Amino acid sequence: MNHQHIHVQEAKTTDLAVFFEYLGQLIKENAAHDAITFQPQNSEQTTVSEELKHRFIEGLDTQYGHDEWRRLWLIKSENNDILAHLDLRAHGGEYLHHRVLLGMGVAQAYRRRGFADKLIEKVLSFCRHSDAIDWVDLAVMEGNEKALALYQKHGFVITERLDDVYRIDGVKYGETRMTIKVAEGK
């Protein structure tokens with residue numbers, strides 16, 4: 001798949017069954033031997049939880065401004081396999097509706113092909129055209145320097161670094177929090 005022909009599409013609820021299979025593969029890759037831990041979960045977690053499935057199912061059908069709100073963008077192969085995703089979700093909380101949280105993943109075999117760049121560009125454009133979203137926030141687990149560089153390239157700035165945020169399988173992980181203002185003049 002060449003860089004010019006990468007197509008990003010907003011997901012529908014009908015995409016979720018295939019998305020959950022893809023997400024299950026990402027979970028298995030997370031913290032595999034010699035891999036970077038990119039999601040806070042222990043090595044025993046190898047499937048998508050029913051709770052997470054429910055949050056995606058409910059979130060895609062929820063209007064912006066509600067705590068359950070979530071949107072998902074996908075890059076698929078020609079045979080409809082999901083290669084990469086980016087999701088936005090509400091922070092949750094009455095006074096946080098002007099900010100959203102970003103999560104992203106790319107299947108291991110398709111990393112370093114420009115998919116993350118395309119997803120970020122598409123979603124930041126979506127946010128900039130939104131009347132409600134002013135800020136996009138995210139967190140990167142300690143040790144994932146490629147993710148930090150990627151987000152900084154797109155204008156995200158580091159707001160804080162925290163040590164010992166997660167303790168997973170006896171290992172302490174810090175976290176870097178980042179943000180970007182997408183609302184001009186608000």
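This is a predicted model: local features need pLDDT of at least 70, side-chain atom pairs count only at pLDDT 80 or more; totals for chains, interfaces and linings use all residues.

Strands β6 and β7 are paired in the antiparallel sense, with 8 bridges between them.

**The β6–β7 hairpin**
- Together, β6 and β7 form a hairpin in which 2 residues lie between the strands.
- In the turn, D169 has a positive phi of about 50°.
- Within this pairing, E160 has R177 of β7 as its bridge partner.

**The sheet**
- The sheet is open and has 7 strands, arranged in the order β1-β2-β3-β4-β5-β7-β6 with mixed pairing.
- Strands β1 (8–10) and β6 (157–168) are at the edges and have a single partner strand each, so one side of each has no neighbour in the sheet.
- From one strand to the next, the twist averages 25°.
- In general, the strands of a sheet pair through backbone hydrogen bonds, in either a parallel or an antiparallel manner.
- Strand β7 (residues 171–181) also runs antiparallel to β5 (residues 135–141), to which it is joined by 7 bridges.
- Opposite T176 in β7 stands V140.

**The helix across the sheet**
- Helix α3, formed by residues 115–128, lies across β1, β2 (70–76), β3 (82–90), β4 (99–106), β5 and β7.
- The helix α3 runs at about 30° to β3.

- Leaving aside residues up to four places away in sequence, A183 touches I133 and D134.
- A183 and D131 are 52 residues apart in sequence, while their C-alpha atoms are 8.2 Å apart in space.

**The cavity**
- The model has 1 cavity of 30 Å³ or more.
- The largest cavity holds about 50 Å³ of space.
- This largest cavity is lined by 13 residues, of which A90, H91, L96, H97 and R99 are the closest to its centre.
- By class, the lining of the largest cavity consists of 5 nonpolar, 6 polar and 2 charged residues.

Notes
Residues are numbered from 1 along each chain as its sequence is written. Side-chain values use heavy atoms; hydrogens and water are left out. On a 1 Å grid over the protein atoms alone, a cavity is a set of points where a 1.4 Å probe fits but cannot get out, and a pocket is an open set with protein on both sides within 12 Å along at least five of seven lines; lining residues have an atom within 4 Å of a point. Grid points are joined across faces, edges and corners, and a volume is the space filled by probe spheres set on the points. Ala, Val, Leu, Ile, Met, Phe, Trp, Tyr, Cys and Pro count as nonpolar, Asp, Glu, Lys and Arg as charged, and the others, Gly among them, as polar. Two strands pair if DSSP finds at least two bridges between them. Helices (H or I, at least four residues) and strands (E, at least two) are DSSP runs, numbered from the N terminus. Axes are lines fitted to C-alpha atoms, for helices over the stretch in contact, and angles run from 0 to 180 degrees between N-to-C directions. Contact means heavy atoms within 4.5 Å.
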